[in-house]
Amino acid sequence: MSELAVKAQKLDASDELAPKRAEFVLDEVVYLDGNSLGALPAAVADRMGDVVRRQWGRLRIRSWDESGWWTAPERIGDRIAPLVGAVPGQIVVGDSTSVNVFKALVAAVRMARGTDAGRDEIVVDATTFPTDGYIAASAARMTGCTLRPVAPAEVPGALSGRTAAVLLNHVDYRTGRLHDLPGLTAAVHAAGAVAVWDLCHSAGALPVGLDEHGVDLAVGCTYKYLNGGPGSPAYLYVRRELQDRFDSPLPGWNSHAEPFGMRTDYEPAPGALRGRVGTPDILSMLALEAALEVWDGVSIDAVRAKSLALTDFFLECVTAYVPPGTVESLTPVAHDERGSQIALRCPDAGDVMKRLIAAGVVGDFRPPDVLRFGFTPLYVGFGDVERAARVLAEVVA
């Protein structure tokens, strides 16, 4: 047994989160793609059996009240809240990330113009996930704003009295770089603009501190580190102080102050509820609620500590096992600049990932030449990490 394999055993033996692994449906595969789709929490299947057979099958429409379907969006939002550093009453679950980005960005422009009608520019992360860029461009056209793509590090120097809203990613989906949420949010506020953050690649992997850092609006998906399942609903965070000013561009009957009043005039519901739109996706939403139970008793600080230890160890193993010059890490070494993934540039990366998967190590490939490995601390162990690096060395050799 190699020295690194022995080290992995010792690290696993002292890992306080190791017992959580038993709460997931896993096999012998090393699964390092939780930054795309989290593993299945074991409790979800039985819970969904009850939802389908009893709540839908027997109670039917009574379940909107008796099974709590109607209040699910805000109830589940309150379960997500501590994972992103928010107190209850500020997060509503529903719709997709794309829809929530649209709601948040248009509402942000409306808020900014409520105090300064001359603000006519949206700044967007130039390295953003494509959908965020598409939505930002559409929101700019609809609101009559100019869209300005800017690299996150250059945002402070790009802000001006024209800036209405700034849309940024907390973690770069390609490289795993963690951006400076506190510093950038402060810079946006100093310019009098509204800060919107996409938390898809950070929520559930590291502390976010939405309330602490005064973030205005935030969105995120739930199927990555939150393990909510394929297509599970996203969420929208609206800081409490801004909720009365949140003017959604998608006012639906579910966000009405009297949803069953069937009035022709729209009156938004109080609080974060005005972020709702139409009928909630109950089946996927309740699967998410069951999945979130794995977080009971888990400290997000402990998750972050293990995440950094896993990614450090992976880089150590790659350096030791993989022939020099074969791969190049694109992920920052500094802990305060690293999310919970490692991105390696590699020639023929697409073919390499196929061979890795065939050998029982699942990551993913991003064109043209990037291997991505996501480290979900709740179920990934140090033995997994050592094996993944060893198999990678065998494949590229």
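Modeller: The buried residues of helix α4 (residues 72–80) are A72, P73, I76, G77 and I80. Buried means under 20% relative accessible area, exposed over 50%, and partly exposed in between (1.4 Å probe, protein chains only). Helices (H or I, at least four residues) and strands (E, at least two) are DSSP runs, numbered from the N terminus.

Biologist: Within what arc do the buried residues of α4 fall, seen down its axis?

Modeller: The arc is taken over the directions from the helix axis to the C-beta atoms. The buried residues of α4 line one face of the helix, because they fall within an arc of 130 degrees.

Biologist: On what basis are such values given?

Modeller: This is a predicted model, in which local features need pLDDT of at least 70 and side-chain atom pairs count only at pLDDT 80 or more, while totals for chains, interfaces and linings use all residues. Residues are numbered from 1 along each chain as its sequence is written, and side-chain values use heavy atoms, with hydrogens and water left out.

Biologist: Which elements do the buried residues of α4 pack against?

Modeller: Contact means heavy atoms within 4.5 Å. By that criterion, the partners of the buried residues of α4 are β4 (91–93), β10 (235–238) and α9 (282–291).

**Strand β8**

Biologist: How many residues of strand β8 are buried?

Modeller: V194, V196 and D198 point one way from β8, and A195 and W197 point the other way; all are buried. For strand β8 (residues 194–198), which is mostly covered, the count of buried residues is 5 of 5.

Biologist: Which residue of β9 is the bridge partner of W197?

Modeller: Two strands pair if DSSP finds at least two bridges between them. Strand β9 (residues 217–220) runs parallel to β8 and is joined to it by 3 bridges. Strand β7 (residues 163–169) also runs parallel to β8, with 5 bridges, and there W197 is the bridge partner of L168. In β9, the partner of W197 is A218.

**The open sheet**

Biologist: Which are the edge strands of the open sheet?

Modeller: The sheet has 4 strands in the order β11-β12-β15-β14, and the pairing is antiparallel. An edge strand pairs on one side only, and this describes β11 (328–329) and β14 (364–366).
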